Amino acid sequence: MPNMSLKKNEMPVQEPDVRNKNFSEVALGYTAEQAIDEAKRCLNCKNKPCTGGCPVQIDIPAFIAEVAEGNFEEAYKIITRSSSLPAVCGRVCPQESQCECKCVRGIKGEPVAIGRLERFVADFHNANAKEAPEVPASNGHKVAVIGSGPSGLACAGDLAKKGYKVTVYEALHLAGGVLSYGIPEFRLPKSIVQKEIEGLKALGVDVETNVIIGKTLSIDELMEDYGFEAVFIGSGAGLPRFMNIKGENLSGVYSANEFLTRINLMKAYKPDSTTPIQPGKKAVVVGGGNVAMDAARSAKRLGADVTIVYRRTEKELPARAEEVEHAMEEGIEFKFLTNPVEITSDENKWVKGVICQQMELSAPDESGRARPVAVEGSEFEIEADCVIMSIGTSPNPLIKSTTEGLETQKWGGIIADEETGLTSREGVYAGGDAVTGAATVILAMGAGKKAAAAIDEYIASKN
Amino acid sequence: MFEILEKKCLNPTVTLMRINAPLVAKKAEPGQFIILRTDENGERIPLTVADYDRENGSVTIIFQVVGATTEKLNHMNEGDCLHDFAGPLGRATHTEGLKKVAVVGGGVGCAIAYPVTKKLHELGCEVHAIAGFRTKDLVILEDEFKAASTKFILMSDDGSCGEKGLVTDALKKLIESGEQYDEVITIGPLIMMKFVCGLTKQYGIKTIASMNPIMIDGTGMCGGCRLSVGGKMKFACVDGPEFDGHEIDFDEIMSRNSMYKPFERKAHEDTCNLFKQEVK
């Protein structure tokens with residue numbers, strides 16, 4: 001008999017007033033009993049609407065059925081047929097707009113907690129799996145992957161499993177891309193990310209850090225001098241956007257990228273880190289995405305009073321529902337329908353406040369979301385000594401500007417075939433945020449997997 | 001790992017290191033920079049490339065001990081390895097078509113002014129080099145500058161070597177005496193570059209200033225190094241580090257560069273104390 005409870009098994013979490021002062025993971029994960037109980041809520045629908053909602057089509061009812069039986073390793077095998085990073089995706093996927101929003105149980109009550117079950121299965125495997133992965137026999141072909149974020153890791157993993165000799169090039173000193181520099185420890189522990197990377201290395205993948213493709217080496221050199229038969233570009237969308245309003249260069253104003261990189265990559269929150277950070281006493285975060293939530297919750301943990309200003313309403317927040325909920329519980333103030341027009345300065349060119357306008361929603365724009373329009377004469381100032389701009393990122397032009405014949409969109413995204421990732425250059429594939437602009441971990445991972453399959457086909461067809 | 005092949009003290013606070021980094025050496029050009037970390041928990045700091053040897057794969061850096069990381073770096077020796085060394089980053093100095101240039105360096109900035117001077121000299125450009133230091137003990141690369149320039153003027157604040165006065169005094173004198181430069185290139189403390197640019201603006205001489213702002217990744221990702229140039233936001237790491245000096249908002253970047261001063265001072269003191277304990 002299925003478990004007909006209308007509610008999900010609750011996720012054990014650190015108490016809000018405790019966790020908003022530390023950087024340890026917020027959600028603690030299901031126990032085996034909770035996982036089995038939750039798995040029994042699944043009705044095992046024949047037409048699997050949840051799988052249709054998953055960007056990489058994990059056979060969700062099949063893995064959940066194994067969890068319900070206590071066969072956690074079997075469940076893991078089913079997930080990893082489709083996903084390369086289950087411990088990551090179980091934590092950071094926006095399940096409420098993907099698999100879980102299609103769940104039949106969600107029509108009356110809450111959907112099955114698919115994300116939490118995925119996380120449980122991956123964590124169980126990581127804690128208990130003993131056998132080292134089998135290193136596949138080499139097929140003698142070399143592929144280079146640029147960037148060690150979700151798309152690059154997924155692409156490298158799939159190719160390595162097919163016997164390719166893969167080298168991943170990373171510009172920073174640590175692999176993981178946005179998983180390492182962007183998403184905070186309290187949401188995605190860095191030990192999990194490094195475990196995924198260790199797993200790839202065990203498959204024979206080489207990871208070269210400190211190599212900036214477009215500067216240290218070019219794609220042409222990789223293909224001509226280094227003997228790579230194909231290249232996958234997964235360089236992400238790393239360039240921070242600003243609003244172009246007065247005062248954005250004042251001291252105390254950060255891009256969310258800088259603020260989070262100081263914290264996550266450089267560990268500025270630890271007393272022994274030599275990288276400084278100035279979260280201030282009163283921080284204002286501009287934006288409503290996951291990155292804005294991450295920045296706000298990080299600033300809170302460093303002792304600041306934090307206000308998020310967002311120009312639409314709570315309903316339009318692009319962040320995951322859970323992150324918004326957690327942020328609110330942790331004492332972060334939200335000012336909706338609010339848009340900054342100027343950052344004000346004290347006599348030392350430090351931030352003193354943010355002048356904002358009240359907004360109201362009008363007809364939907366091209367993105368389908370209601371367009372915010374300023375209410376005239378509604379300006380007011382919020383006091384702040386730290387401002388974090390979190391209004392999105394664009395692809396980095398370094399590779400485009402050093403790779404002849406690589407076509408890009410006007411806004412910088414690399415033009416690539418949706419199914420294969422093939423770019424305008426033979427043998428050069430691309431995927432993830434470098435192609436789509438800032439999106440999700442799971443979409444990037446899916447693009448990396450598709451490109452791996454296409455690269456395999458391309459190299460096989462040539463030989 | 002990036003081995004320190006050679007270490008040389010140029011003056012009591014300025015050190016030269018030659019680092020084994022073949023990939024960086026292959027591509028580096030004057031004006032570009034690298035980012036290094038001394039150890040696994042170290043911060044990332046940008047340093048401008050002072051020289052490179054493509055044949056033996058080494059890159060030379062010259063740094064002044066100003067904070068925790070440069071203090072740690074200065075305690076490393078030949079045979080030790082830097083944890084990370086990435087580059088070359090930023091755009092190279094534009095040298096094409098220049099016939100006559102004045103290079104104005106100040107303090108440790110002369111370490112960066114030198115490779116540009118050398119390159120211009122090798123290209124057959126007439127180079128007048130002006131190097132300014134606080135006092136005699138701090139002078140670096142004097143012989144090298146002399147060998148790579150058609151005219152070399154040494155200035156010191158206290159008159160203990162060369163002529164007494166500021167680099168702007170020397171530059172003004174040259175311009176007033178009728179020297180006509182295609183371009184002035186200035187590298188040194190922000191306040192010095194601000195005054196050099198102020199001077200050349202009066203005479204309408206194009207001036208390039210090399211910026212060294214606070215930076216983390218060096219690839220355009222963090223935006224920490226942003227500054228206003230001609231009223232537009234630029235990232236020093238990818239758009240620079242060299243910009244039209246007449247367009248730079250120096251006051252703004254001076255303020256941004258001092259954002260972490262109290263933290264830096266404390267971190268430096270803590271590091272010094274650690275080294276003192278080790279000595280005991």
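Guide: One term to start with. Buried means under 20% relative accessible area, exposed means over 50%, and partly exposed lies in between (1.4 Å probe, protein chains only).

Visitor: Okay. What is the ground rule here?
Guide: This is a predicted model: local features need pLDDT of at least 70, side-chain atom pairs count only at pLDDT 80 or more, and totals for chains, interfaces and linings use all residues. Residues are numbered from 1 along each chain as its sequence is written, chains are lettered from A and ligands numbered from 1 in the order in which they are written, and side-chain values use heavy atoms, with hydrogens and water left out.

Visitor: Backbone, then. Is A:Gln57 buried or exposed, or in between?
Guide: A:Gln57 is partly exposed, at 47% relative accessibility. Its phi is near 50 degrees, a positive value in a residue other than glycine.

Visitor: Where is A:Gln57?
Guide: In chain A, A:Gln57 sits in the loop between H3 and helix H4 (60–68). Helices (H or I, at least four residues) and strands (E, at least two) are DSSP runs, numbered from the N terminus.

Visitor: And what is phi at A:Asn44?
Guide: Near 55 degrees, again positive and again not a glycine. A:Asn44 is in the loop between helix H2 (32–39) and helix H3 (49–52) of chain A. Its relative accessible area is 46%, so A:Asn44 counts as partly exposed.

Visitor: Switching to chain B. What is the peptide bond from B:Gly87 to B:Pro88 like, cis or trans?
Guide: Cis, with omega near -5 degrees. B:Pro88 lies in strand S7 (residues 84–89) of chain B.
The bond from B:Gly240 to B:Pro241 is cis too, with omega near 15 degrees. B:Pro241 is in the loop between helix H7 (236–239) and strand S16 (242–244) of chain B.

Visitor: Now charges. How many salt bridges over all chains?
Guide: A search of the whole structure finds 43. A salt bridge here is a side-chain nitrogen of Lys or Arg within 4 Å of a carboxyl oxygen of Asp or Glu.

Visitor: Which residue does A:Arg91 pair with?
Guide: A:Asp123, at 2.8 Å from N to O. A:Arg91 is in helix H6 (residues 86–92) and A:Asp123 in helix H7 (residues 114–128), both of chain A, so the pair ties together parts that are 32 residues apart in sequence.

Visitor: Is A:Arg91 buried or exposed?
Guide: Buried, at 6% relative accessible area. A:Asp123 is partly exposed, at 23%.

Visitor: What about A:Lys165, which residue does it bridge to?
Guide: A:Asp206, with the closest N and O atoms 3.5 Å apart. This pair links distant parts of the chain, 41 residues apart: A:Lys165 in strand S2 (residues 165–169) and A:Asp206 in strand S3 (residues 206–208), both of chain A. A:Lys165 is partly exposed at 34%, and A:Asp206 is partly exposed at 35%.

Visitor: Which residue of chain B meets A:Glu221?
Guide: B:Lys26, in a salt bridge of 3.7 Å, N to O. A:Glu221 is in helix H11 (residues 219–224) of chain A and B:Lys26 in helix H1 (residues 22–27) of chain B, so this pair joins two chains. A:Glu221 is buried at 12%, while B:Lys26 is partly exposed at 44%.

Visitor: Last one. Which residues are linked in a network of salt bridges?
Guide: The network includes A:Arg19, A:Arg187, A:Asp294, A:Arg297 and A:Arg301. A:Arg320, A:Glu322, A:Glu323, A:Glu329 and A:Glu330 are linked in it as well.
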